[in-house]
Amino acid sequence: MLRIAVLVSGGGTNLQAIIDAKATGRIENGALALVVASRPGIFALERAKKADIPTAVVRRKDFADQDAFDQALLGLLADYQIDLVVLAGYLTILSPTVIRAYPRRILNIHPSLIPSFCGEGFYGLKVHQAALEKGVKVTGATVHFVNEIPDGGEILLQKAVEVQADDTPETLQRRVMEQAEWQLLPLAIEMCCDGLA
Ligand code: GRF
C-alpha cells in the first residue's frame, strides 16, 4: 500500500477527485496519508478534514530560506512515511533537493497538453487564457512526473478536451477539470500504486 501525500494551494477539486476515487475503490493500493497546503485557509484543507485525512501547512514565507523550507517539508513527508507525492493545484515550485528525494515519485497535473502552454508562469487561468489567445481547437490536461524543469518531467497520461467558440478562460478551465484533470490524476495515482508506472 503506497502512502500518498497530496500537496495543495487552492480549492482542492483535484484533491476531491482523488478522495472520491479512493472512496469508490479506484485507488485500491494507495492510502491518502497526508494533505500539505502551501498556505492556511484554503478550501482544500476543509476537503481533507472532511475525509479524515491528516493535514499540515508548510508556507515558504514562514521560513528564513529555501533550505529551511525544504527540510521542513522533507521532514514532514518522512514523518508520515510518504511513498508518493501528488501535486494537485500546488503552486510552490519544489527545489531540486525535494525533487531528488522522490525520484519518479512526484506527480503533477497540468491543465494543458504539454509541451503547449506550460513552464514558467503558466498556471491556473493563465494557461486557458493563453490557449484561447492562440486559438487552439483542442486543449486538455497532462499528468507528468516532476523533475527539475517546470512541467518538464516524463509524461504519464494526457487527455484532450475540445475548445468551444464561446469559451472564456473560466468555462474552458471547468471543462478541462471535469473532462480531463479529475479523471487523469486518480488514474495516474492508481497506476503508480499498482506498480504500472
Ligand atoms: C486549477 O487551475 C487546475 O487546473 C490546476 O490547479 C488549479 C486548482 O486546482 N491543476 P484545485 O481545484 O485546487 O485542485
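Which residues touch the most other members of the largest nonpolar core? They are Ile4, Val6, Val8, Val86, Leu107, Leu156 and Ile189, out of 43 residues in that core. A nonpolar core here is a set of buried Ala, Val, Leu, Ile, Met, Phe, Trp, Tyr and Cys residues joined through side-chain atoms within 4.5 Å, and buried means under 20% relative accessible area, with exposed over 50% and partly exposed in between (1.4 Å probe, protein chains only). Keep in mind that this is a predicted model, where local features need pLDDT of at least 70, side-chain atom pairs count only at pLDDT 80 or more, and totals for chains, interfaces and linings use all residues. Residues are numbered from 1 along each chain as its sequence is written, and side-chain values use heavy atoms, with hydrogens and water left out.

Helices (H or I, at least four residues) and strands (E, at least two) are DSSP runs, numbered from the N terminus. Take Ile189: not counting residues up to four places away in sequence, Ile189 touches Ile4, Ile18, Ile27, Leu84, Val86 and Leu107, where contact means heavy atoms within 4.5 Å. Apart from this core lies another, of 22 residues, with Phe69, Leu73, Val85 and Ile99 among them.

Val176 also sits in H6, and Val176 is buried, at a relative accessible area of 0%. Leaving aside neighbours within four places in sequence, Val176 is in contact with Pro111, His128, Thr139, Gly140, Ala141, Val161 and Glu181. Ala141 is 35 residues away from Val176 in sequence, yet their C-alpha atoms are 6.7 Å apart.

Now for the sheet. Seven strands form an open sheet in the order S3-S2-S1-S4-S5-S6-S7, with mixed pairing; two strands pair if DSSP finds at least two bridges between them. At the edges are S3 (55-57) and S7 (155-162), each pairing on one side only. S5 and S6 (residues 138-145) run antiparallel and are joined by four bridges. Ile109, for instance, has Val143 in S6 as its bridge partner.

Helix H1 (residues 13-23) has several buried residues, including Leu15, Ile18 and Ile19. The buried residues of H1 pack against strands S1 (2-8), S2 (30-37), S4 (84-87) and S5 (106-110), along with helices H2 (43-50) and H6. After H1 comes Gly25, with a positive phi near 75 degrees.
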